[in-house]
Amino acid sequence: MDVPFKVLQHSYGFDNGTQTDQETNSGNKIIHGDNLEALKALLPEYEGRIKCIYIDPPYNTGNEKWVYNDNVNDPKIKKWLGQVVGKEADDLTRHDKWLCMMYPRLKLLYKLLSEDGAIFVSIDEN
């Protein structure tokens, strides 16, 4: 609930492969920004309506030069860990922190899911 609600603003679309400023009403969205904020912004239009969700979250590799920094030092995550986990959050391993980072995202994804929907998650390259 701490995630601020943001309204999605239309910037561009694609019509037959050509980028356009006009809304195409295709039902598709390309969202640039924080995935936690984007998921929350999708709730008003899509809550309970999505049949299939596939996510490929960043793996907890510890490699900070990788495309995803999985250091889990984001101030929002630290605040959430402190409130939900408490002082013990200081002693969590990288894997625990990664799971704590994924938890609010999975909760929002679940809200988007229809009753007969499914969530698929890749957890490594296999």
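Modeller: This is a predicted model.

Colleague: Is α1 mostly covered or mostly uncovered, and how many of its residues are buried?

Modeller: A residue counts as buried when its relative accessible area is under 20%. In α1 the buried residues include Leu36, Leu39, Leu43 and Tyr46, and also the charged Glu37 and Lys40. The helix is mostly covered, and the number of buried residues among its 12 is 9.

Colleague: Which residue has a side-chain oxygen that reaches the backbone nitrogen of Leu36?

Modeller: This approach is found at the start of α1. The two atoms come to within 2.9 Å, and the side-chain oxygen belongs to Asp34.

Colleague: Which element gives the largest share of the lining of the second largest pocket?

Modeller: The second largest pocket has a volume of about 720 Å³. Of its 25 lining residues, the closest to the centre are Gln9, His10, Asn28, Lys29 and Ile30. Two elements give two or more residues to the lining, β1 and α1. The largest share is 4 residues, and it comes from α1.

Colleague: Is Phe14 buried, partly exposed or exposed?

Modeller: Phe14 is found in strand β1. Beyond its neighbours within four places in sequence, Phe14 is in contact with Gln19, Thr20, Thr24 and Ile30. Its relative accessible area is 43%, which lies between the 20% and 50% cut-offs, so Phe14 is partly exposed.

Colleague: Where is Asn16, and what is the value of its phi?

Modeller: Asn16 is placed in the loop between β1 and β2. Its relative accessible area is 78%, over the 50% cut-off, and therefore Asn16 is exposed. Although Asn16 is not a glycine, its phi is positive, at about 55°.

Colleague: Which loop holds Asn25?

Modeller: Asn25 is a residue other than glycine with a positive phi, near 55°. With a relative accessible area of 70%, Asn25 is exposed. Its place is the loop between β2 and α1.

Methods: Residues are numbered from 1 along each chain as its sequence is written. This is a predicted model: local features need pLDDT of at least 70, side-chain atom pairs count only at pLDDT 80 or more; totals for chains, interfaces and linings use all residues. Side-chain values use heavy atoms; hydrogens and water are left out. On a 1 Å grid over the protein atoms alone, a cavity is a set of points where a 1.4 Å probe fits but cannot get out, and a pocket is an open set with protein on both sides within 12 Å along at least five of seven lines; lining residues have an atom within 4 Å of a point. Grid points are joined across faces, edges and corners, and a volume is the space filled by probe spheres set on the points. Buried means under 20% relative accessible area, exposed over 50%, partly exposed in between (1.4 Å probe, protein chains only). A polar contact is a pair of N or O atoms within 3.5 Å; within protein, one must be able to donate a hydrogen and the other to accept it, and residues adjacent in sequence count only if both atoms are side-chain atoms. Contact means heavy atoms within 4.5 Å.
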